[in-house]
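Hi everyone, thanks for coming. I'd like to walk you through one structure today, starting with its strands and ending with its pockets.

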Amino acid sequence: MGKEKSKKRRQSSSSSNDSTSSSSSESSREKKQLRKLKKKLKKEQKKTEKLLKRKLKEEKRKLKKKRNNESKESQEEATADIPIELMEKSKAMAPMTKEEWEQRQSVIRRVLDEETGRYRLIKGDGEVLEEIVSRDRHKEINKQATNADGTFFQAQTLDKKKYD
């Protein structure tokens with residue numbers, strides 16, 4: 001009997017709510033259609049925004065190219081007026097690129113040290129490198145350095161006597 005009662009309840013409830021369910025289903029259909037329309041509108045808006053952004057980017061690129069061409073021409077005119085020394089000085093104040101630094105560091109020069117009379121290997125901006133030489137060459141270098149030390153010392157003492 002319990003099963004029959006539940007069936008009757010279902011039937012009676014659905015028959016009594018037929019008018020309300022049809023109106024609610026229509027309103028839910030309308031809501032779904034509205035949602036779909038809103039989604040379509042949003043998609044269209046996004047598409048138009050993308051197109052506008054692309055056009056803006058293209059126009060900006062064109063303007064930059066024009067500006068660069070104009071600035072190059074004005075720089076050429078301006079550089080004719082600016083002395084070379086000032087241009088070199090401004091380049092010297094700019095930071096060095098990695099390639100420039102590596103190129104500068106790769107240069108090794110022999111520099112005479114006036115105090116000791118020795119030739120030193122200087123890498124790049126001032127790093128002192130050791131030179132590997134034979135024992136005989138080392139003794140010869142020390143002799144020359146000792147002689148140069150003596151002459152430098154004598155020159156210094158003579159200069160001091162002149163000013164005293």
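Before I point at anything, one term: two strands pair if DSSP finds at least two bridges between them. Strands here are DSSP runs of E with at least two residues, helices are runs of H or I with at least four, and both are numbered from the N terminus. What you see is a predicted model, where local features need pLDDT of at least 70 and side-chain atom pairs count only at pLDDT 80 or more, while totals for chains, interfaces and linings use all residues. Residues are numbered from 1 along each chain as its sequence is written, and side-chain values use heavy atoms, with hydrogens and water left out.

Let's begin with the sheet. It is open, has three strands in the order S1-S2-S3, and its pairing is antiparallel. Strand S1 (108-112) and S3 are the edge strands with a single partner each, so one side of each has no neighbour in the sheet. On average, neighbouring strands are turned by 45 degrees against each other, direction ignored; the axes behind that angle are lines fitted to C-alpha atoms, for helices over the stretch in contact, and angles run from 0 to 180 degrees between N-to-C directions.

Now the individual pairs. S1 and S2 are joined by five bridges, and Arg-110 sits opposite Leu-121 in S2. These two strands make a hairpin with six residues between them, and in that turn Gly-117 has a positive phi of about 75 degrees.

S2 and S3 pair over three bridges. Across that pair, Ile-122 stands opposite Val-128 in S3, and Lys-123 has Glu-127 as its bridge partner. Their hairpin has three residues between the strands, with Gly-124 at a positive phi near 60 degrees.

What does Gln-105 touch, leaving out residues up to four places away in sequence? The answer is Lys-123, Gly-124 and Asp-125, where contact means heavy atoms within 4.5 Å. Gln-105 itself lies in helix H4. This residue is buried, at a relative accessible area of 13%; buried means under 20%, exposed over 50%, and partly exposed in between, with a 1.4 Å probe and protein chains only.

On to the pockets. On a 1 Å grid over the protein atoms alone, a cavity is a set of points where a 1.4 Å probe fits but cannot get out, whereas a pocket is an open set with protein on both sides within 12 Å along at least five of seven lines; lining residues have an atom within 4 Å of a point. Grid points are joined across faces, edges and corners, and a volume is the space filled by probe spheres set on the points.

The largest pocket holds about 390 Å³. It is lined by 15 residues, and Arg-118, Tyr-119, Arg-120, Glu-131 and Ile-141 are the closest to its centre. Strand S2 (119-123), strand S3 (127-129) and helix H5 (135-163) each give two or more residues to this lining, with the largest share, four residues, from H5.

The second largest pocket has about 180 Å³ of space. Its lining includes Lys-91, Met-96 and Arg-104. Helix H3 (84-93) and helix H4 (98-105) each supply at least two residues there, and H4 gives the most, with three.
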